[in-house]
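Hi everyone, thanks for making time. I'd like to walk you through one model today, so let me put it on the screen.

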Amino acid sequence: MAASEEEKPPLLVVAMDFGTTFSGYAFATLDDYKTNPLLISTYTWATGSQTGMSLKTPTCILFDSDENFVAFGKDAEDIYTELANENNHKGWHYFRRFKMDLYKTGPQEMPRDLKIKDDQGRQMSAMKVFAESIKFLKNHMMGEWAKRDLQTAFKPDEIQWVLTVPAIWSDAAKQFMRESAIKGGIRNTQLILALEPEAASIYCKHIPNELTVTDGQTTIDALSPGTKYLILDAGGGTIDITVQEVQEDESIKQLYMANGGDWGGTKVDLAFEKRLEEFVGKPALHKFRQENKSGQLDLQREFELKKRTIKSDQTSKTTIRVPVSLKDAYAAVSGKELKSTHVAKLEKDKLRLAPDTATDLFAEPCAYIVSHLQKIFDDPKVKGTDTILMVGGFSESPLLQHEVKKAFPSKTIIIPPDAGLAVLKGAVQFGFDQTVISTRVCKVTYGIESSSPFDDGKDPEDKKFIDEDGDVLCRGRFSKHVEIRQSVRIDEEIKEQIYSPVSSDQTSMAVDVWTSTNKNPRYTDERGCSLHGKISVELPDSKLGVCRDVGVKMIFGKTELEVKAIVKHTGKSTAAKFDFLR
């Protein structure tokens, strides 16, 4: 059999960063990448009714009452606002910041027909919402290509599509995004997933060494071979944290498995809503939200802009324009006029927050982030890590930057320009060279469910059984292949392990792949164990009885695990195709 032709790099890479708060896309041609990896094209979006331009658009989508797609991004905001102004929005489906629904849904509870609630509390297919969002970004980019006469310059199989996902997401959530992208018109064979902190790391590795950053610090040799650094990818919804090291060949080795939580910038929004609730009361705020959708959208936009300006050394009040309808709702519920309180000062249509009130909005997420970073730095595995790389939209917050610098004064803090675009641009670079990530750390222990010799006094009696050869075995044993926190090289084939059928008349054998959050699980029904997926292996030649060995290999290559089962006496192999959705 002839050797396979070396895989050619794609002629064009398109990346989509589908964020909790904002989304966007970027692309580069192979010629541009070879000339300068930083030659990446992005689209500049108008920011809706607010003045200015942005390289991302709000993650909002609008459907009509028949669930037909209408608009995405700032257009969805504007149309829904206009409908609400005329009280014609009833029955329409408006979704905002819905990406977090995949994080909140546990991996064991994620059905393919998952439903999520719109702005009015009515349910709709999550797969359709995500698919139409991705389809919009894809079609929007194709429209831009047409303007540049590039639409016919690349064949579909010459384009690599990259979709970013948080590293802390479950396999089920990643599969959900992949299937959504396929429904959105992207070929499965042309699609790869990029883990967000890894993408950001790749981008920052390409930034010129002499780049000047905040407070006059520079990144000279900051990401040179041998350097260990922590990536803090602070987005709107999730915080992704991992520790990596640059190798001598310029590839990137992961030292500490990706971790984090839902401590992103939207926590600041929730804190503001709580303060607002304290100011006007829950009944008045509910009435305002239900009866004046346009006012609610305007207030959300206003705060999104203002929160980016709040600093740790704030001395002036933060002024936020509020709709008159909020005061009307308060008057209707309480029978009184809304006046200033210790929470906030009201001056006509302006809500003025005292400096400490404004900074307190950031207290909870900042405390979570700093505390989590401290735990990581205390781990012996990350000893010698003296650099923190801050990326993601929330990392652009002056207040978060201050809290991280204050907590870790001895560390070098690097905040690249356009920190919110580091993931998006790094995803484009990852599309051209996926081998740049050389080693990852396993998030869980992987193994195969098997039957092993019964150990009297150790194995429970209810797991004991006797096979046809009279051997006493224990069912449901966890046969470990790789353990949690173990470093594995990309495309490394973990040592093959041999399994055989239990009975001689078997025509197939189920290879059940399990994961565990424990280092050395003994049984698959222990707490922390989950069924990862199954492979069915055909077993010919039943006359050979139970002496039909099957070798199982686990291959850690791309962002998704590969498992191969090989029938030893025939050489035939079966590859796993896991389905994590119910």
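**The cavity and its lining**

Strand β16, residues 252–261, gives the most to the lining of the largest cavity, with 3 residues. Before going on, a word on the basis: this is a predicted model, where local features need pLDDT of at least 70 and side-chain atom pairs count only at pLDDT 80 or more, while totals for chains, interfaces and linings use all residues. Residues are numbered from 1 along each chain as its sequence is written, and side-chain values use heavy atoms, with hydrogens and water left out.

When I say helix or strand, I mean DSSP runs numbered from the N terminus: H or I of at least four residues for helices, E of at least two for strands. A cavity is a set of points, on a 1 Å grid over the protein atoms alone, where a 1.4 Å probe fits but cannot get out, and lining residues have an atom within 4 Å of a point. Volume here is the space filled by probe spheres set on the points, with grid points joined across faces, edges and corners.

How many cavities of 30 Å³ or more does the structure hold? The count is 1, and the largest cavity has a volume of about 50 Å³. Its lining is made up of Leu 255, Tyr 256, Met 257, Lys 381, Val 441 and Arg 485. By class, that is 4 nonpolar, no polar and 2 charged residues. In this scheme Ala, Val, Leu, Ile, Met, Phe, Trp, Tyr, Cys and Pro count as nonpolar, Asp, Glu, Lys and Arg as charged, and the others, Gly among them, as polar.

**Two arginines in loops**

Arg 485 sits in the loop between β25 (472–482) and β26 (487–489), and has a positive phi of about 75 degrees although it is not a glycine. Is it buried, exposed or partly exposed? Arg 485 counts as partly exposed because its relative accessibility is 46%; buried means under 20% relative accessible area, exposed over 50%, and partly exposed in between, using a 1.4 Å probe and protein chains only.

Arg 97 also has a positive phi, near 55 degrees. You'll find Arg 97 in the loop between β9 (93–96) and α3 (100–104). At 16% relative accessibility, Arg 97 counts as buried.

**Helices against helices**

Now to α12 (residues 363–377) and α13 (residues 398–407), which pack at an angle of about 35 degrees with their axes 10 Å apart. Axes are lines fitted to C-alpha atoms, for helices over the stretch in contact, and angles run from 0 to 180 degrees between N-to-C directions. From α12, Cys 366, Ile 369, Val 370 and Leu 373 meet Leu 399, Leu 400, Glu 403, Val 404 and Ala 407 of α13; contact means heavy atoms within 4.5 Å. That contact has 8 nonpolar, no polar and 1 charged residues.

**A buried serine**

Last stop: Ser 180, in helix α5 (residues 171–183). With 0% relative accessibility, Ser 180 counts as buried. Which residues does Ser 180 contact, leaving aside neighbours within four places in sequence? They are Met 127, Phe 130, Ala 131 and Ile 134.

Definitions and conventions:
On a 1 Å grid over the protein atoms alone, a cavity is a set of points where a 1.4 Å probe fits but cannot get out, and a pocket is an open set with protein on both sides within 12 Å along at least five of seven lines; lining residues have an atom within 4 Å of a point.
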